[in-house]
Amino acid sequence: MRFLITGGLGFIGSNMIHYLLKKYPDISICNLDKMTYAGNPANLSDIENDPRYSFVKGDIADAAIVEKTFAEFQPDVVIHFAAETHVDRSIADPDVFIRSNTIGTHELLKAAKAHNVTRFHHVSTDEVYGHIALDSDERWTEESPYGPRSPYSASKAASDHFVRAYYHTYGLPITISNCANNIGPYMYPEKLLPLAITNILEGKKVPMYPPGNQVREWLYVEDHCSAIDSIVSKGIPGETYFVGPDNPQLSNLEVIKKLLAIMERGEDMIEFVKDRPGHDQKYALDHSKITRELGWHPRYSLDESLERMVDWYTKNEAWWKPLKSGEYLEYYTQQYLTRE
Ligand code: TYD
């Protein structure tokens, strides 16, 4: 089986490549990645000489490079991770989100159709559904209406619609997964949990958007990879599957307190900063469809996920330390230290 993975140098994509190479001895993987700030060759340095792996540097919104990659590699399956993913960056600069997430996805769809792939799996997010009031017990299902509220989620929602349109209009065998927040190794330290862990390891405070009562669901990235593997091998073309954890719902503040307890630090490490505009209050998914139809279950509890993550970041300072300088430092200063 020949897998084209887009965005394989990013957090979830690189975890997926590790997962596939470990599980399947006889596969070929081509990784098409633009190498943005979030695409880090160090994420795959352990497998870069594996004969089953090849790399193409390129932008998915560039039709010529996409066509060339499909023509030369001839993938059976596409797993599409490549995306700009950070909400705060999308608020500051939406254009690149439309280019990569929406136009880029469409370029891939055109090539996938022209080259008759057997599956195009689109990796999406729960954020396309908007947000849920904190006092509501609602959980979204695959039938819930879309309602994106940030430039990031709007660009992903548009991409989901194009993916479905290619199924209905052209019969492209697509599947979509919408996943809860991921956590785990190789996660760029701009998102809440890797930022918190690396800040604490550096003796810095954790920036918390007030009042910290917003709710996210946190899934260990390996569980996301096993879900995508199930969908690609057993999922039905045209279908969408939600992927999420079985953890109890916790607020951001509760999650950070759990983390501080694991890292044996006090709550004085939390610092309230200016809130994100249009901050989504709560995301909650009902992932019973993938469990019922494909037999997938998440394996890791939140405690276990956090412990593993702290352990990985503690042992891999050489991986994240260089990321917290240069462009990142400029972003961090803009985001947390100079924002009006
Ligand atoms: P984030 O990791 O950016 O993921 P998303 O917004 O896509 O869910 O944020 C997770 C939650 O943590 C969200 O409610 C915003 C909050 N947050 C902070 O309180 N401080 C931070 O520095 C960041 C990055 C996020």
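In which hand do helices H4 and H5 cross, right-handed or left-handed? The crossing of H4 and H5 is right-handed, where a crossing is termed right-handed if the near helix is turned clockwise from the far one by less than a right angle, and left-handed if anticlockwise. The structure is a predicted model, in which local features need pLDDT of at least 70 and side-chain atom pairs count only at pLDDT 80 or more, whereas totals for chains, interfaces and linings use all residues. Residues are numbered from 1 along each chain as its sequence is written, and side-chain values use heavy atoms, with hydrogens and water left out.

Helices (H or I, at least four residues) and strands (E, at least two) are DSSP runs numbered from the N terminus. Two packed helices are described by the angle between their axes and the distance between the axes. Helix H4 (residues 95–114) packs against helix H5 (residues 151–170) at an angle of about 15°, the axes being 8 Å apart; axes are lines fitted to C-alpha atoms, for helices over the stretch in contact, and angles run from 0 to 180 degrees between N-to-C directions. H4 and H5 are therefore roughly parallel to each other, given that angles under 35 degrees count as roughly parallel, over 145 as roughly antiparallel, 65 to 115 as roughly perpendicular and the rest as oblique. To this contact (heavy atoms within 4.5 Å) H4 contributes Phe97, Ile98, Asn101, Thr102, Thr105, His106, Leu109, Lys110 and Lys113, while H5 contributes Tyr152, Ser155, Lys156, Ala158, Ser159, Phe162, Val163, Tyr166 and Tyr170. By class, the contact of H4 with H5 has 9 nonpolar, 6 polar and 3 charged residues, where Ala, Val, Leu, Ile, Met, Phe, Trp, Tyr, Cys and Pro count as nonpolar, Asp, Glu, Lys and Arg as charged, and the others, Gly among them, as polar.

In soluble globular proteins, nonpolar side chains tend to be buried together. A nonpolar core is here a set of buried Ala, Val, Leu, Ile, Met, Phe, Trp, Tyr and Cys residues joined through side-chain atoms within 4.5 Å, and buried means under 20% relative accessible area, exposed over 50%, and partly exposed in between (1.4 Å probe, protein chains only). The largest nonpolar core has 57 residues, of which Phe3, Ile29, Ile79, Leu193, Ile256 and Leu259 touch the most other members. Leaving aside neighbours within four places in sequence, Leu193 is in contact with Ile183, Trp218, Val255, Ile256, Leu259, Leu306 and Met309. Apart from this core lies another, of 20 residues, among them Val78, Leu109, Leu172 and Ile176.

Several loop residues were examined individually. Valine 128, in the loop between E5 and H5, is buried, with a relative accessible area of 0%; not counting residues up to four places away in sequence, valine 128 touches Tyr146, Gly147, Pro148, Ser153, Lys156, Ala157, Asp160 and Asn178. Histidine 115, in the loop between H4 and strand E5 (119–125), is likewise buried, at 17% relative accessible area, and, with the exclusion of residues up to four places away in sequence, histidine 115 touches Glu67, Phe70, Ala71 and Gln74.

Most residues other than glycine have a negative phi, and most peptide bonds are trans. Glutamine 74, in the loop between helix H2 (63–73) and strand E4 (77–80), has a positive phi near 50° and is partly exposed, with a relative accessible area of 41%. Tyrosine 186, located in the loop between strand E7 (181–183) and H6, also has a positive phi, near 70°, but is buried, with a relative accessible area of 15%. A cis peptide bond, with omega of about -5°, joins proline 210 and proline 211, the latter being placed in the loop between strand E8 (206–208) and strand E9 (215–216).
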